[in-house]
Every structure is written in structure tokens, then in C-alpha cells.
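Biologist: Could you walk me through this structure, and tell me what stands behind each word you use for it?

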Amino acid sequence: MIDRCEVAVVGGGVIGLSLAWELAQRGFRVAVVDINRLGRKASWSGAGILAPANHRTMTHPLDQLMGLGSELHEMWAELLLEQTGIENGFRKCGGIYLARTAGERAALNGLKLHWQQHGIACEEIESLRELDALDIGVWNASTAAVFVPCEAQICNPAHLEALVRACRQQGVRLIEECQSCQLVNSSGCEAALFLDGELFDCGMVCLCAGAWSSELLGQLQVQLPVVPVRGQMLLYKLPLQQFEPIINEGSRYIVPRSDGHVLVGSTLEEVGFDESTTADKLDGLKRFSCGIIPALRENILVRSWAGLRPASHDGFPFIGRVPGFENAFVATGHFKSGLQMSTATAVILADEIQGRPPLLDLNPFAPDRLDAKREFAMPT
């Protein structure tokens with residue numbers, strides 16, 4: 001029998017580590033368990049973009065979750081630096097949104113109106129000269145461009161390193177590279193957790209295992225439709241940082257780090273749990289990035305990789321109590337915004353576990369919503 005804890009968090013990505021740190025700061029005895037190394041799956045493989053959102057003015061649940069997440073990230077970055085000495089790379093670098101076709105222009109105009117209606121500053125870029133003034137470099141002609149000053153980024157590997165250290169400092173027990181992790185219905189309404197065949201004595205279980213959450217919940221005969229969506233990425237290295245803002249075009253982006261590294265992503269592929277990369281998709285990302293930033297053609301491609309994002313059936317994450325179980329909770333299905341939503345998810349789920357009124361309405365994210373009528377449009 002392993003020493004008892006109050007909450008066992010299954011999944012050592014950014015959602016699980018954030019929840020563990022938040023709960024530990026509230027006085028809970030917490031453990032984080034994972035069959036992999038902590039922070040090495042989808043959380044590590046993303047670009048760390050914090051997209052524009054404002055939870056104080058926006059009414060759509062996803063906007064609210066993203067907006068609260070960004071607001072908390074700014075606070076957490078300072079707190080993590082103070083507690084751990086690790087700089088996680090948070091900075092408001094701004095973002096440029098490009099549109100090259102009539103359809104993309106219409107979508108960008110709608111997005112700009114949406115931002116303006118909710119108090120998010122944005123401005124049209126009228127010419128390539130204005131782009132040069134933002135220290136972007138040489139651009140191919142683009143039919144439309146909008147600059148959003150509040151868009152921010154985090155270096156997700158550094159953020160994960162800071163969370164791991166903060167959890168340790170807060171007394172969280174970290175257990176990684178388990179051989180097996182199994183959930184059992186122990187009494188009809190309570191879940192029991194077994195690690196490597198041994199009962200893990202805990203009061204509550206929180207499933208934060210990303211795309212693997214559905215498999216774990218299936219052991220409890222609970223079906224939540226979360227599927228993996230592969231995203232492939234490139235990493236370049238420039239001698240110096242040559243431009244500041246994040247560049248967005250549709251679902252693709254170019255993210256400059258302050259040390260000269262440049263992240264390029266990403267693809268959207270439903271290929272099951274295949275985390276391999278493919279030459280055709282990587283070539284497409286190379287053409288996209290080098291067409292916008294010609295300097296990348298002459299600089300070193302450091303590496304490429306792929307990660308699996310957890311996507312739900314309706315685009316909303318599942319956050320809350322597992323249906324039919326008194327001691328089990330889940331936080332998964334955040335798709336492309338897991339890092340941005342991680343802070344907010346940790347706080348509102350900790351509120352739910354503690355019996356406090358949450359900062360945001362959890363009903364749109366309820367795991368038992370499958371048969372409920374949805375009033376919100378599915379995001380793109």
C-alpha cells in the first residue's frame with residue numbers, strides 16, 4: 001500500500017501539473033502520476049501561444065476560459081519565477097493575423113469586429129511598409145493583415161519545468177514512468193487507482209491525461225468522446241531574434257522566441273495515436289514559413305516533431321466531476337488551447353473539488369453534457 005494522499009492527479013502535462021500546484025497551495029496533499037516523463041507529451045510539443053481573449057467582456061464559454069487563462073498566466077509567470085527562479089518566457093509580444101484569399105479576408109474581418117466589440121485592441125496593417133516597421137523583415141504580398149498587441153506567448157518547456165519544481169517545493173509527490181495505471185470502480189460510485197498493480201490510496205482522482213483520458217475513463221465504463229489530433233511542428237534557429245510578433249495565418253503560425261529560435265506549426269490530422277512526422281506535412285510547413293520569413297531559408301532547421309491534441313466532440317473541454325462517481329474528476333479535451341486554458345482550468349476545477357463557487361460557469365464544460373441541448377456554436 002502506497003502512502004495516502006488526498007488527491008491523485010493522473011497525467012503530468014500542463015493541465016495536471018497546474019491543477020496539482022493549485023491544489024497544493026490550497027493545502028491539499030497531492031500526487032501526480034504518469035506513465036511517461038512529466039510534461040513530455042502534448043504540453044511540451046506546442047507553441048505556447050496565448051491568443052486574444054477577455055473573460056470580463058466576452059460571453060462565449062471558450063472565450064471566457066481562454067481569457068481567464070491568459071490573465072492568470074501573467075500572474076503565474078511572476079509567481080513561478082519568484083518561487084522557482086525559472087523564467088517561463090511569458091511576454092506580450094503581439095500577434096499579426098494574415099489573410100490572402102477572399103474567404104480568409106472575410107473571416108479576419110469578422111474576427112476583428114469580434115475583438116473590437118469586446119475591448120481587445122487591434123489595428124489594420126495597411127502596407128508592407130507598416131510590417132517592416134514592426135521589425136518583421138521582408139514579406140510576400142498579403143491581401144490583409146491585422147495586428148493585435150495583447151497576444152502573448154510562453155515557452156512551454158520552461159513553463160513545465162517551473163511547474164514541476166513548484167510542485168516539488170509545495171510538497172506534491174511526483175511519480176513518473178509508471179509501468180501501468182488502472183482505474184477500477186470500487187464501490188459503484190467511487191474510483192480506485194492502481195499503479196503497477198498496487199492500490200494507490202487516495203481520496204480523489206483527477207484525470208488530466210489529455211488524449212489518453214478516454215481510454216482511462218473507459219476502465220470505469222464512462223465514455224467521453226475525446227480523440228487525438230496530431231500536430232506537426234518545425235523549429236528553426238536564427239542568429240538573433242529578427243521579429244517580435246507571432247504570425248498567424250489560418251491554423252498555421254510562426255512564433256519567435258527571444259533567443260532566436262522560431263517555432264512553426266501546425267497541422268491538423270486525425271491519425272489515431274501516431275506521433276510520427278511525415279515529409280509532406282513538414283514540407284508544407286517549410287513552404288509556409290519560408291514564404292513569409294525568407295531568412296528561414298538560409299538558417300538551420302533544428303528539429304521537427306509531432307504532438308497529439310485532445311479534441312472533444314463539440315470543441316468544448318470536459319471539466320468537472322466524472323458522471324456517476326463521487327470522488328473522480330476530469331479535465332481534458334482542450335484541443336489546441338490546453339496551455340492557455342491550463343491556469344483557468346486548474347483554478348475552477350480546484351474550486352469544484354473544494355466545494356467553492358467557481359470563477360466561471362462549469363455547466364458548458366460538464367462531463368455529463370452529452371445529452372444536453374447546446375446553446376453555443378461549435379468553434380472552428
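Biologist: What share of the contacts in the protein with a separation of 6 or more comes from residues 24 or more positions apart?

Modeller: Such residues account for 75% of those contacts, where contact means heavy atoms within 4.5 Å. Please keep in mind that this is a predicted model, in which local features need pLDDT of at least 70, side-chain atom pairs count only at pLDDT 80 or more, and totals for chains, interfaces and linings use all residues. Residues are numbered from 1 along each chain as its sequence is written, and side-chain values use heavy atoms, with hydrogens and water left out.

Biologist: What makes the protein as compact as a globular protein of its length?

Modeller: First, its make-up: there are nine helices and 18 strands, both being DSSP runs numbered from the N terminus (helices H or I with at least four residues, strands E with at least two). The radius of gyration is 21 Å, close to the 21 Å from the globule rule for 380 residues, so the protein is as compact as a globular protein of that length. That radius is taken over C-alpha atoms, and the rule is 2.2 Å times the number of residues to the power 0.38. Along the principal axes, the C-alpha atoms fill a box of roughly 65 × 45 × 40 Å.

Biologist: Why is Thr-345 called buried?

Modeller: The word buried stands for under 20% relative accessible area, exposed for over 50%, and partly exposed for what is in between (1.4 Å probe, protein chains only). Thr-345 has 1% relative accessibility, so it counts as buried. Thr-345 sits in helix α9, residues 338-354. Beyond its neighbours within four places in sequence, Thr-345 is in contact with Ile-15, Leu-65, Ile-319, Ala-331 and His-334. Over the protein, buried residues make up 55% of the 380.

Biologist: How do you know whether Ala-366 is buried or exposed?

Modeller: Its relative accessible area is 13%, so Ala-366 is buried. Ala-366 belongs to the segment after α9 and, neighbours within four places in sequence aside, is in contact with Phe-318 and Ile-319.

Biologist: And what makes Pro-245 buried?

Modeller: A relative accessible area of 2% does, so Pro-245 is called buried. Pro-245 lies in the loop between β12 (226-237) and β13 (246-249).

Biologist: Why is Asp-196 called partly exposed?

Modeller: Asp-196 is at 45% relative accessibility, so it counts as partly exposed. Its loop runs between β10 (191-195) and β11 (198-207). Phi of Asp-196 is near 50 degrees, a positive value in a residue other than glycine.

Biologist: What is the relative accessible area of Phe-335, and what is it called?

Modeller: The area is 29%, so Phe-335 is partly exposed. Phe-335, in the loop between β18 (328-332) and α9, also has a positive phi of about 55 degrees although it is not a glycine.

Biologist: Which peptide bond is cis, with omega near -15 degrees?

Modeller: That is the bond from Gly-265 to Ser-266. Ser-266 lies in the loop between β15 (261-265) and α8 (279-292).

Biologist: How do you know where pLDDT is under 50?

Modeller: The term pLDDT is the predictor's confidence in each residue, from 0 to 100. It stays under 50 over residues 372-380, for which the model has 17 contacts beyond four places in sequence. Where pLDDT is low, the predicted coordinates should not be read in detail. For the protein, the mean pLDDT is 90, and 92% of its residues reach 70 or more.
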